[in-house]
Amino acid sequence: MYVEVIEMITQTQSHKVKLIQEVWGECCLECDSTETPKFHLYSLKKEDVAVLTCPFCDFTIVVVEIERLSKSGLEDQLNESKDAIIATHSAL
């Protein structure tokens, strides 16, 4: 059981690093800080939500499983906010 817990922690850390690399990139899009973003992972109603926040300017990227959102709901949300940046990430 101890080995399974270690493997689960390793997978979580690997997923975190991959998300930061693919979604955040090398620096903050707002202030160009090269510090690693604050990372929080939440499980909400059968889907995972990752929140990446710049430690200096509080610029935030929220990553959700886009495939699970209804197309009409997503289109309505996009039309409401002109300041939103939407990116997709597919977990392997």
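Me: Which residue takes a positive phi in the hairpin of strand 1 and strand 2?
Reply: Bear in mind that this is a predicted model. The hairpin has two residues between its strands. A positive phi near 40° turns up there, and the residue that takes it is Lys 45.

Me: How many bridges join strand 1 to strand 2?
Reply: Strand 2 covers residues 47-53, and it runs antiparallel to strand 1. One of the residues to look at is Phe 39, whose bridge partner in strand 2 is Leu 52. The number of bridges joining the two strands is seven.

Me: Is the aromatic pair of Trp 24 and Phe 59 stacked, edge-to-face or tilted?
Reply: The structure holds one aromatic pair, and its ring centres are 6.1 Å apart. Stacked needs planes under 30 degrees apart and edge-to-face needs over 60. The planes of Trp 24 and Phe 59 make 55°, so the pair falls between those cut-offs and counts as tilted.

Me: How many residues apart in sequence are the parts that this pair ties together?
Reply: Trp 24 lies in helix 1 (residues 2-24), while Phe 59 is in the loop between strand 2 and strand 3. The pair therefore ties together parts whose separation in sequence is 35 residues.

Me: Is Phe 59 buried or exposed?
Reply: Buried means under 20% relative accessible area. Trp 24, its ring partner, passes at 4%. Phe 59 has 18%, so it also counts as buried.

Me: Which element gives the most to the largest nonpolar core?
Reply: That core has twelve residues, including Trp 24, Phe 39, Phe 59 and Ile 61. Ile 61 is in contact with Val 23, Trp 24, Ala 50 and Leu 52, among others. Helix 1, strand 2 and strand 3 each supply at least two core residues. With four residues, the top contributor is helix 1.

Notes. Residues are numbered from 1 along each chain as its sequence is written. This is a predicted model: local features need pLDDT of at least 70, side-chain atom pairs count only at pLDDT 80 or more; totals for chains, interfaces and linings use all residues. Side-chain values use heavy atoms; hydrogens and water are left out. Two strands pair if DSSP finds at least two bridges between them. Rings of Phe, Tyr and Trp (its six-membered ring) pair if their centres lie within 6.5 Å; planes under 30 degrees apart count as stacked, over 60 as edge-to-face and the rest as tilted. Buried means under 20% relative accessible area, exposed over 50%, partly exposed in between (1.4 Å probe, protein chains only). A nonpolar core is a set of buried Ala, Val, Leu, Ile, Met, Phe, Trp, Tyr and Cys residues joined through side-chain atoms within 4.5 Å. Contact means heavy atoms within 4.5 Å. Lists of a residue's contacts leave out its neighbours within four places in sequence.
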